[in-house]
Amino acid sequence: MEEKRNTSSPGFDKPKLNRSGSITSATSHPARSNSNPKLIAKHQQQLYEDSRNKRNQEQQQKQSSNQSEDPAAQLSSLKFESDKEKEQALLWAFLASYLPEDKSSLQKEFVKHVEYTLAQTKSECTDFSSFQALSYCTRDRLIERWKDTKLFFKQKNVKQVNYMSLEFLLGRSLQNSLSALGLVGKYADALMDLGFKLEDLYDEERDAGLGNGGLGRLAACFMDSLATCNYPGYGYGLRYKFGMFYQTLVDGEQVELPDYWLNYGSPWEIERLDVSYPINFYGKVSEVQDENGNKVMKWDQGEQMLAVAYDYPIPGFKTYNTVAIRLWSSKPSDEFNLDSFNRGDYLGAIEEKEKSENITNVLYPNDNTMQGKELRLKQQYLFVSATIQDIISQFKETGKPFSEFHNFHAIQLNDTHPTLGIPELMRILIDEEKKSWDEAWDITTKTFSYTNHTVLPEALEKWSVSMVENVLPRHIMIIYEINERFLKLVDQKWPGDMSKRRALSIIDESDGKFIRMAFLAIVGSHTINGVADLHSELVKHDVFPLFYEIWPKKFQNKTNGVTPRRWIQQSNPQLAELITRSLNSDRWLVNLDIIKDLVHLADNSSFQKEWMEIKRNNKIRLAKYIEKKCDIQVNVDVLFDVQVKRFHEYKRQLLNILSVINRYLDIKEGKKVAPRVVIFGGKAAPGYYMAKLIIKLINSVADVVNNDPKVGDLLKVVFIPNYCVSNAEIIIPASDISQHISTAGTEASGTSNMKFSMNGGLIIGTLDGANIEIRDAIGHENMYIFGARSEEVNKVKKTIHDGKFTPDARWDRVLTAIKEDTFGPHEQFQDIINSVSGGNDHYILSYDFGSYLNIQNSIDQDFKDKAKWAKKSIMASVCCGKFSSDRTIREYAEQIWGIEEWKRPGPVPVSNEEARSLLVPPPSGSPNDINAISIERLSPLTFVKQTSASPLSVISGDKTSNTLKPKQTTKGFNIGGQPGNPTN
C-alpha cells in the first residue's frame with residue numbers, strides 16, 4: 001500500500017506542490033520576492049514541465065514494464081488470504097473484463113441495448129432510440145474506466161480536489177465521449193453496416209440542462225481537463241429537472257419555457273440510491289450537555305429532506321482516467337404520506353414530495369419574490385450540505401484523523417454560490433465530530449479556496465440575515481462567530497478604525513442586515529483567485545483592497561481556459577484535421593502550445609487557401625442552421641459578425657445593435673457599405689427586464705432590416721434562439737469577427753473569446769478580461785481594440801453624469817431613429833433610451849460609440865484583403881495555446897489544490913487460455929471472450945465500506961436511518977437485512 005503524505009503549516013497561505021514523485025500538499029509558501037515576476041513565472045513553468053516530463057517518463061517505463069510482463073505471471077503474483085478467495089476474485093475479474101472494441105462486439109453491444117435496454121426490435125428502432133442505445137454502449141465503457149479510476153486513486157491514497165459549482169454546462173456527451181475513448185471511427189463503421197450514420201445520432205442528443213453561461217461551461221471544461229491531465233477529482237453540483245429555461249421568441253420577445261431535457265431520461269447519469277444524505281431546514285438551536293458534561297449546540301430541525309446522488313462519468317482524452325460529476329437531486333424524506341391519503345387528504349399526501357422536489361427543479365429560480373429568494377437559499381444549502389457530508393464520508397473511510405483532512409481533500413468554490421459550505425463544514429466538525437472551534441477552523445481554512453468571477457459590486461451575492469436565521473438557524477450562529485473573530489483581527493491591524501470594521505464585516509448593516517458571501521468565502525479560504533490578469537488586479541486593488549492588505553499572499557491569478565477537444569476537434573473537425581496533418585501529430589490536443597509551430601505557415605498562400613475554405617464550409621453549415629431555425633437566408637461570402645453570450649447591460653449587446661442601426665441608416669442614405677451578417681444569441685435572466693428589452697429591440701431592428709428591399713444582402717440581422725453548447729459548436733467556427741465589447745473593467749475573463757480565436761475568428765473588443773492576454777499572445781495587429789481603458793472608466797462616467805460629454809453625431813442619429821418609430825413604437829424602447837441618456841449612461845456606450853464605429857470601418861477594409869485577413873485568422877488561432885483549460889487546471893493543481901497527476905496504467909490483456917490456466921480447478925462454463933481485466937479490482941483496497949441494508953439509507957456520520965418506515969412502504973421495497981453496496 002502506498003501512502004504519501006506531508007504535513008503543512010497552519011494559516012491561510014497558499015499550497016505548494018513537491019514534484020519529487022510523492023504526493024505532498026502544503027499550505028505554506030515562500031515569502032514573495034521583488035524579482036521580476038515574469039521571469040519567476042517562466043522559471044516555475046520550466047521546473048514544472050521538467051518534473052512533469054520526468055514523471056510521465058517514469059510512468060511510461062513502468063507501464064511498458066508491466067505490459068511486457070506475462071499477464072498470467074502478474075495475476076499469479078497477487079496475494080490473497082486463501083486460494084478460494086483468489087479464485088473468486090479472478091473469476092469475477094474475468095467476467096467483468098473490459099469490453100472488446102472489435103467491430104462484431106460493438107455491433108453486438110448496440111443491438112443488445114436496443115433489444116434489452118430499450119425493448120425494441122430493428123423495425124421499431126428510430127434514430128433517437130439508436131442514439132440512446134449507442135449512449136448506453138458508451139456509458140458502459142465509461143463506467144468500467146471510472147470504477148477502476150476510483151479504485152486506483154483509493155489504493156494510491158491520493159489527495160483529490162472537489163470542485164463545487166452550481167452549474168456544469170456540459171452540452172452533448174456522446175461525441176465527446178466517443179472521441180475520448182478513441183471509438184469514433186470504429187463505431188461509425190460498425191453502425192453503417194446496421195443502417196445508421198453516426199453523425200445523425202449525434203443530432204438526436206439534447207443538451208444537458210445543468211448550466212447557463214460561462215461559469216457552467218468553464219466548470220465543464222475543467223472537468224474534462226482534470227480527467228485528461230490525470231488529476232484526482234470530483235465535480236459537485238445539482239441535477240436540475242428543467243434546467244434554466246428553453247428560450248423561444250414570440251413577437252421578438254424572449255419567452256421562457258421549461259427545458260424538458262430529462263423527459264426521456266439521461267443515458268449518461270447513474271442514479272445512486274445508495275448515496276443519499278439528510279438535509280435539514282428551519283427549527284431551533286438549543287444549548288445542551290453532551291455525555292461528558294460539555295455544553296454543545298443541538299439543532300432540532302423543523303423540516304428534513306434527502307439529497308440523492310446522480311453520477312456523470314467524465315472521460316479523459318487518450319487516458320484510462322475517468323472522473324465524475326456528482327449531482328444532487330432533492331427528494332422527500334418520506335416518499336408518501338399514507339396516513340394523509342387514508343384520511344382523504346389526497347393532495348396533502350403528496351404535498352411534501354412536491355415541495356422537496358421543487359428545490360432542484362430549476363437553475364436560478366427567479367428571486368424577485370421572497371419565496372423565490374428562500375428557494376434559492378435552500379437550493380444552495382442542499383447542494384453544499386450533501387457535498388460536504390459526502391466528502392467527509394469518503395474521508396472517514398481512510399481512518400485518518402481530521403487533522404489530516406486537508407491532505408486528502410481540497411474544496412474549490414466556483415463563485416460564491418457554494419460558500420455556505422464553509423459554515424456547514426464548521427457545523428459538522430463542531431456539532432457532530434466534537435472538534436473545538438480552533439481545530440475546526442484550522443481544518444476549514446486549509447481546505448477551501450475561492451474563485452471570484454465578477455468585479456460588479458451589485459453581482460456579489462448577499463443573503464438576508466433574517467432569512468438565513470429562519471432557514472438555517474445553526475449556520476447564522478456560526479457565521480456571526482466567524483465574523484466576530486475575524487473583526488478582532490481587523491481591530492489588531494487597524495485599532496479603533498470603525499470605518500474599516502464596517503467595510504470588512506461579513507455582516508453588512510448599511511441597509512438592513514445582509515451576509516456578504518464573498519467576504520465569508522475570503523475569510524474562510526486559504527486562496528482567492530481571479531480569472532484573468534486584469535481581473536485579478538481589480539480584485540486585489542478595487543473589489544477587495546482591504547482584504548488584500550490583510551492577506552496579500554492569499555490572492556492569485558488563474559487565467560481561464562477552454563478545452564481544445566470540444567472547441568476545435570469536435571466543433572471544427574476540418575480545422576482539427578488540417579492542424580494534425582500540418583503538425584504530423586495530434587499531440588496538440590493535449591498540449592495546445594505546439595500549434596504555435598504553424599506560425600511559419602501564416603504567409604503560405606496554399607495554407608491560407610485551405611484555411612479559408614474550411615472557414616467557408618463552416619459558414620455554409622451555420623447558414624443552413626440559420627435558415628432552418630430562423631427562416632432567414634444569408635450570403636456566406638460576406639463577413640459573419642457574431643456576438644453570442646448571456647445578455648447583460650455590461651456586455652453591451654445594446655452597443656452592437658445601435659451600430660447595426662447606424663449601418664442600416666448609412667445604407668438608406670445610399671452610402672457604400674461593406675456587406676455583413678450580424679448574428680446575436682444568448683439568454684436574459686427571466687427577471688432581468690432591461691436585458692429582455694434589448695432582445696426585443698434587436699429583433700425589431702432585424703424585422704425592419706431583413707425585410708427592406710433596399711438593403712438586400714448588404715445587411716442581415718439574425719437572433720438565434722436558445723443559445724447553448726450544441727449550437728455554439730456550429731456558430732463559433734463560422735465567425736469572421738466576434739464581439740467581446742464589455743465596458744472595460746467589468747468582464748472578469750470571458751471564455752468565448754478564447755473559443756472564437758482558437759477557431760480563427762478575429763476579435764473586436766475592449767481591453768477587458770482575457771482580451772488583453774489574447775491580444776498579447778496573438779499580436780496586437782490581429783485584434784481590433786477600441787474604447788476607454790479600465791483606469792479611465794470612472795472619470796468618463798463622471799464626465800457623462802455631469803453633462804460635460806458631447807457624444808459622436810452618429811450616436812444622436814441612431815437614438816433619433818428609434819424615437820421616430822423606425823423600429824416600432826418608440827414607447828416600448830423608452831427605458832432603453834433613458835438608460836443611455838441624461839447622464840445615466842452607466843456603461844459608457846455613448847463615449848465608446850465613435851471609436852467602436854471607426855474600428856468597424858477598419859474591419860470592413862481589412863476583410864476585403866483576403867490574404868491579409870487569412871493571415872490574421874491563422875495567427876489568432878495558432879497563437880492561442882496558452883488558453884487551453886489543461887494549462888489552467890495544472891496551475892490550480894500546482895499552486896492552490898496541492899494535488900498530483902496519477903495516471904492509471906490501464907487493464908491487463910488476458911487471453912482465454914491464460915484465464916483458464918489461472919482458475920484451478922476450471923469451473924464449468926469458464927468465461928469466454930476475455931479481453932483485458934482490471935488489476936485495480938484484484939488489488940487490496942485501502943478500505944471497503946458497506947452501507948446499511950436499505951438502498952434508500954441515509955448516511956449521516958456513523959448513523960443510518962431508513963427513509964421508508966414499514967407502514968409507509970407502498971411499493972414493496974425490501975428493507976430487510978440484505979448486504980448493501982459501497983457508497984462510492
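In which loop does lysine 318 lie? The legends below begin with that residue. This is a predicted model, in which local features need pLDDT of at least 70 and side-chain atom pairs count only at pLDDT 80 or more, while totals for chains, interfaces and linings use all residues. Residues are numbered from 1 along each chain as its sequence is written, and side-chain values use heavy atoms, with hydrogens and water left out.

**View 1. The loop that holds lysine 318.** Lysine 318 belongs to the loop between β8 (303-315) and β9 (322-332). Helices (H or I, at least four residues) and strands (E, at least two) are DSSP runs, numbered from the N terminus. Between lysine 318 and leucine 589 the C-alpha to C-alpha distance is 9.7 Å, although they stand 271 residues apart in sequence. Not counting residues up to four places away in sequence, lysine 318 touches Ala180, Asp586 and Lys903; contact means heavy atoms within 4.5 Å.

View 2. Alanine 93 is part of helix α3 (residues 83-95). With a relative accessible area of 4%, alanine 93 is buried. Buried means under 20% relative accessible area, exposed over 50% and partly exposed in between, with a 1.4 Å probe and protein chains only. Its C-alpha atom is separated by 6.1 Å from that of isoleucine 933, 840 residues apart along the chain. Residues up to four places away in sequence aside, alanine 93 touches Ile933 and Leu938.

**View 3. The largest nonpolar core.** This core has 141 residues, and Trp328, Phe547 and Trp897 touch the most other members. Helix α12 (residues 370-396) gives the most to this core, with ten residues. A nonpolar core is a set of buried Ala, Val, Leu, Ile, Met, Phe, Trp, Tyr and Cys residues joined through side-chain atoms within 4.5 Å. Leaving aside neighbours within four places in sequence, phenylalanine 547 contacts Phe486, Leu504, Phe519, Ile522, Val523 and Phe555. Another core, of 117 residues, lies apart from it, and its members include Leu578, Leu693, Val725 and Cys879. In soluble globular proteins, nonpolar side chains tend to be buried together.

**View 4. Helix α20 and the elements around it.** Helix α20 (residues 533-543) has Leu534, His535, Ser536, Leu538, Val539 and Lys540 buried.

**View 5. Helices α5 and α6.** Helix α5 (residues 127-156) packs on helix α6 (residues 174-181) at an angle of about 45 degrees, and their axes are 10 Å apart. That angle makes α5 oblique to α6. Axes are lines fitted to C-alpha atoms, for helices over the stretch in contact, and angles run from 0 to 180 degrees between N-to-C directions. Angles under 35 degrees count as roughly parallel, over 145 as roughly antiparallel, 65 to 115 as roughly perpendicular and the rest as oblique. The crossing of α5 past α6 is left-handed. A crossing is left-handed if the near helix is turned anticlockwise from the far one by less than a right angle, and right-handed if clockwise. Among the residues of α5 that meet α6 are Phe131, Leu134 and Arg145, and the residues of α6 are Leu174, Ser177, Leu178 and Leu181.

**View 6. Helix α15 between two partners.** The axes of helix α15 (residues 437-447) and helix α17 (residues 473-493) come within 13 Å and cross at roughly 85 degrees. This makes α15 roughly perpendicular to α17. Trp437, Asp438 and Trp441 of α15 make the contact with Ile478, Glu481, Ile482 and Arg485 of α17. With α14, the packing angle of α15 is about 140 degrees, and the axes are 9 Å apart. That makes α14 oblique to α15, and α14 passes α15 in a right-handed crossing. In this contact, Ile422, Leu425, Met426, Leu429 and Ile430 of α14 meet Trp437, Ala440, Trp441, Ile443 and Thr444 of α15.

**View 7. Two loop residues with positive phi.** Most residues other than glycine have a negative phi. Asparagine 230 has a positive phi, near 65 degrees, and sits in the loop between α9 (214-228) and β2 (233-238). Asparagine 230 counts as buried, at 9% relative accessibility. Aspartate 415 has a positive phi, near 75 degrees, in the loop between β10 (409-414) and α14 (421-432). Aspartate 415 counts as buried, at 13% relative accessibility.
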